[in-house]
Amino acid sequence: MAKKASKKAEEEPLKLFYIFYNQERWDNWVKSLGEASFELDPKSDEMPDGFRVLDSFSVDITLAVLKIIKLYQNKRFSQEEALDKLMQVEAIVMSAAPKGDLEELIELLQLPKLVLFASCRRYLSGEFDKDIKTLVKKGREVIDKDMEQALDIASSIGASVIDGAACCGKYVKDDLENPTLLDEWLIECERMYEAMGSLKNFDESTGEDE
């Protein structure tokens with residue numbers, strides 16, 4: 001009996017106390033954004049520092065959220081635990097934007113994250129359509145009429161990306177000059193695809209000697 005009990009214990013996933021995102025991390029990014037310059041330098045072809053900070057801010061959120069999903073995939077978290085962690089991060093990221101000069105920028109950051117969180121919930125539910133081409137077409141048909149329906153469609157695309165599908169650069173490259181909200185969500189799905197690739201080996205081992 002002792003041997004069976006020991007084997008069962010070895011098979012149980014280790015519980016982690018990993019801090020995915022907290023208010024301090026969010027506040028530090030907001031502070032960095034507030035201190036960055038968005039003024040164009042006529043003597044330089046480089047993007048203003050503020051836009052680089054904004055982009056890094058966005059990437060940091062996407063990576064933090066998808067680490068939760070990776071740990072769920074690695075059986076470190078149950079579905080309920082992953083949803084709880086996701087909700088905690090979402091409460092911080094989607095909170096009311098600070099009033100003042102940064103309000104518009106923070107809201108610009110938050111809009112794409114609607115599909116990030118919706119996609120993660122859809123993936124965890126296990127119920128999503130994988131026909132991305134058809135989904136994009138449907139999304140374009142409804143984006144100007146029903147934003148909630150469009151987000152629901154986009155969340156299936158995002159869930160498919162989390163599940164391993166490649167997307168979505170080819171669907172937005174011709175629309176970048178006048179992007180719709182759906183394009184913004186597809187760009188976020190592309191960012192999710194890249195993030196999942198970078199997290200391929202995230203937490204595959206416990207760090208203990210085998």
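1. The structure holds one disulfide. The model is a predicted one, and the points below should be read with that in mind.

2. The disulfide joins Cys167 to Cys168. The S to S distance is 1.7 Å. What is the handedness of this disulfide? The torsion about the S-S bond of Cys167 and Cys168 is about 110°, so the disulfide is right-handed.

3. Buried means under 20% relative accessible area. Cys167 has a relative accessibility of 6%, so Cys167 counts as buried. Cys168 comes out at 0%, and therefore counts as buried too.

4. Cys189 is in no disulfide. For Cys189, the nearest cysteine sulfur belongs to Cys168 and is 4.7 Å away. A disulfide calls for sulfur atoms within 2.5 Å. Is Cys189 buried or exposed? Its relative accessible area is 0%, so Cys189 is buried.

5. Cys120 has a relative accessibility of 0%. That value makes Cys120 buried.

6. Now the helices. Helix α2 covers residues 23-35, and helix α5 covers residues 103-125. Their axes come within 11 Å. They cross at roughly 125°. Angles of 65 to 115 degrees count as roughly perpendicular and those over 145 as roughly antiparallel. The α2 and α5 helices are therefore oblique to each other. Their crossing is right-handed.

7. Which residues make the contact between α2 and α5? From α2 come Trp26, Val30 and Leu33. From α5 come Leu105, Ile106 and Leu109. By class, this contact of α2 with α5 has six nonpolar residues, with no polar and no charged ones.

8. The relative accessible area of Leu105 is 16%, so Leu105 is buried; the cut-off is under 20%.

9. What does Leu105 touch, leaving aside its neighbours within four places in sequence? The contacts of Leu105 are then Leu33, Phe38 and Leu54. Leu33 is also one of the α2 residues that meet α5. Leu105 and Leu33 are 72 residues apart in sequence. In space, C-alpha to C-alpha, Leu105 and Leu33 are 9.0 Å apart.

Key
Residues are numbered from 1 along each chain as its sequence is written. This is a predicted model: local features need pLDDT of at least 70, side-chain atom pairs count only at pLDDT 80 or more; totals for chains, interfaces and linings use all residues. Side-chain values use heavy atoms; hydrogens and water are left out. Axes are lines fitted to C-alpha atoms, for helices over the stretch in contact, and angles run from 0 to 180 degrees between N-to-C directions. Helices (H or I, at least four residues) and strands (E, at least two) are DSSP runs, numbered from the N terminus. Angles under 35 degrees count as roughly parallel, over 145 as roughly antiparallel, 65 to 115 as roughly perpendicular and the rest as oblique. A crossing is left-handed if the near helix is turned anticlockwise from the far one by less than a right angle, and right-handed if clockwise. Contact means heavy atoms within 4.5 Å. Ala, Val, Leu, Ile, Met, Phe, Trp, Tyr, Cys and Pro count as nonpolar, Asp, Glu, Lys and Arg as charged, and the others, Gly among them, as polar. Buried means under 20% relative accessible area, exposed over 50%, partly exposed in between (1.4 Å probe, protein chains only).
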